[in-house]
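Hi everyone, thanks for coming. I'd like to walk you through some ring contacts and strand pairings today, so let's bring the model up.

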Amino acid sequence: MLFYNLLGFYPDDIRYYQLALHHKSVPIHTQDGRNLCNERLEFLGDAILNSVITDILYKRFQNEREGFLTNLRSKIVSRESLNHIAKEIGLDKAIIASRYVNLHANSNIYGNALEALFGAIYLDQGYRKCKTFVEERLFSHILDWNDILQKEINYKSRVLEWCHKRHIEPEFDLLNETVQRNKHTFHTCLKIQGHIISQATGGSKKESQQKAAEIAYKKMCADPHFLEKIIEQPQPTEE
């Protein structure tokens, strides 16, 4: 029942998962005199997790460059992220370690055990199950794509990059600024070739520009030919 709660499925060979939970401070003693812990599974799981995340990102963000994908993967598989995921699925409460090991001071033990768990899943169920676990268990319940992307993407920079490749200069125009109870609100529009592409409000000029750029960026991602279509349109005449 423990492993079903952690994984969402029943293992075929529970020994892999038992080993994944054993910190080196409490190794498993085998009949042939060996002392086994989760370090080898951690080594394997690290490679498997990187492969799975790479696979998912490559297919999900088909218009993004290698640098973007690399940075995003690094954030997802960082020690901080893995430690957080391990705690969220309850792995921190299942780890078997010596009482002399301060788990709170050595929080990377959680992330290491999570990698070992991936190694166990791979040996027991194969690569496809590892990918399903990430997609259905982690990204559906623990990791938030919007939150990850919000931290990763500078939308204004992305829009500028896309436009400059096509020798276009986008314009961020402040439409108005309002003040209510000492709270400023800025309303900005993004223009390309004189066409208003998006509008947004924010508590600062920078925030309103970022939000307008985010809307435009998502339009560009949804339609790879979005900018070309804008370029082909005649520029609107000023009244």
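**Rings, charges and hairpins**

Searching the whole structure turns up five aromatic pairs. Rings of Phe, Tyr and Trp (its six-membered ring) pair here if their centres lie within 6.5 Å, with planes under 30 degrees apart called stacked, over 60 edge-to-face and the rest tilted. Take Phe3 and Tyr17: their ring centres are 5.7 Å apart and the planes meet at 50 degrees, so this pair is tilted. Phe3 belongs to helix α1 (residues 2-7) and Tyr17 to helix α2 (residues 14-20), so the pair ties together parts 14 residues apart in sequence. Helices (H or I, at least four residues) and strands (E, at least two) are DSSP runs, numbered from the N terminus.

A quick word on conventions: this is a predicted model, where local features need pLDDT of at least 70, side-chain atom pairs count only at pLDDT 80 or more, and totals for chains, interfaces and linings use all residues. Residues are numbered from 1 along each chain as its sequence is written, and side-chain values use heavy atoms, leaving out hydrogens and water.

Back to rings: Tyr155, Trp162 and Tyr217 are linked into a cluster by ring pairs.

Now the strands, which pair if DSSP finds at least two bridges between them. Strands β3 (residues 171-180) and β4 (residues 183-192) run antiparallel, joined by nine bridges. Glu177 has Phe186 in β4 as its bridge partner. In that hairpin, with two residues between the strands, Arg181 takes a positive phi near 55 degrees. Next, β4 pairs with β5 (residues 195-202), also antiparallel, over seven bridges.
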